[in-house]
Amino acid sequence: DSAEILQIKSSNTILVGDQNRNLTIGLFCVDVNENDELEATNILKSEFPRGSKVKIKPYGFKDNILLAKVFNIKGTKEMSELLLNKKLIKKNCPI
């Protein structure tokens, strides 16, 4: 399923939409130090601009929020990996 980025709210919370609904997604395993929050959010916004199409790979729910990995439509970029590559995620996660 493809969806579209509507808003990147923080380093680990994004809003996407498909044809009939909007969905808040928590990025799976993304835990950014608050000092790096702005940088992390800006990286996501520059790599995944509003309106870009994405693919979502769900991992489950936490507090009624879908936890997922978010890939660009080609599958070549994934949000948490971008942050990991920039050393902005505190800990490694089970993939």
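Phe28 has a relative accessible area of 15% and therefore counts as buried, a class that means under 20% relative accessible area, with exposed over 50% and partly exposed in between (1.4 Å probe, protein chains only). The model is predicted: local features need pLDDT of at least 70, side-chain atom pairs count only at pLDDT 80 or more, and totals for chains, interfaces and linings use all residues. Residues are numbered from 1 along each chain as its sequence is written, and side-chain values use heavy atoms, with hydrogens and water left out.

| Residue | Relative accessible area | Class |
|---|---|---|
| Phe28 | 15% | buried |
| Tyr59 | 30% | partly exposed |

The structure holds 1 aromatic pair. The ring centres of Phe28 and Tyr59 are 4.1 Å apart and their planes stand at 10 degrees, so this pair is stacked (rings of Phe, Tyr and Trp, the last by its six-membered ring, pair if their centres lie within 6.5 Å; planes under 30 degrees apart count as stacked, over 60 as edge-to-face and the rest as tilted). Phe28 belongs to the loop between strand E3 (22-27) and helix H1 (37-47), and Tyr59 to strand E4 (residues 53-62), so the pair ties together parts that are 31 residues apart in sequence.

The chain has 2 helices and 5 strands (DSSP runs numbered from the N terminus: helices are H or I of at least four residues, strands E of at least two). Of its 95 residues, 37% count as buried. The C-alpha trace spans about 35 × 25 × 20 Å along its principal axes.
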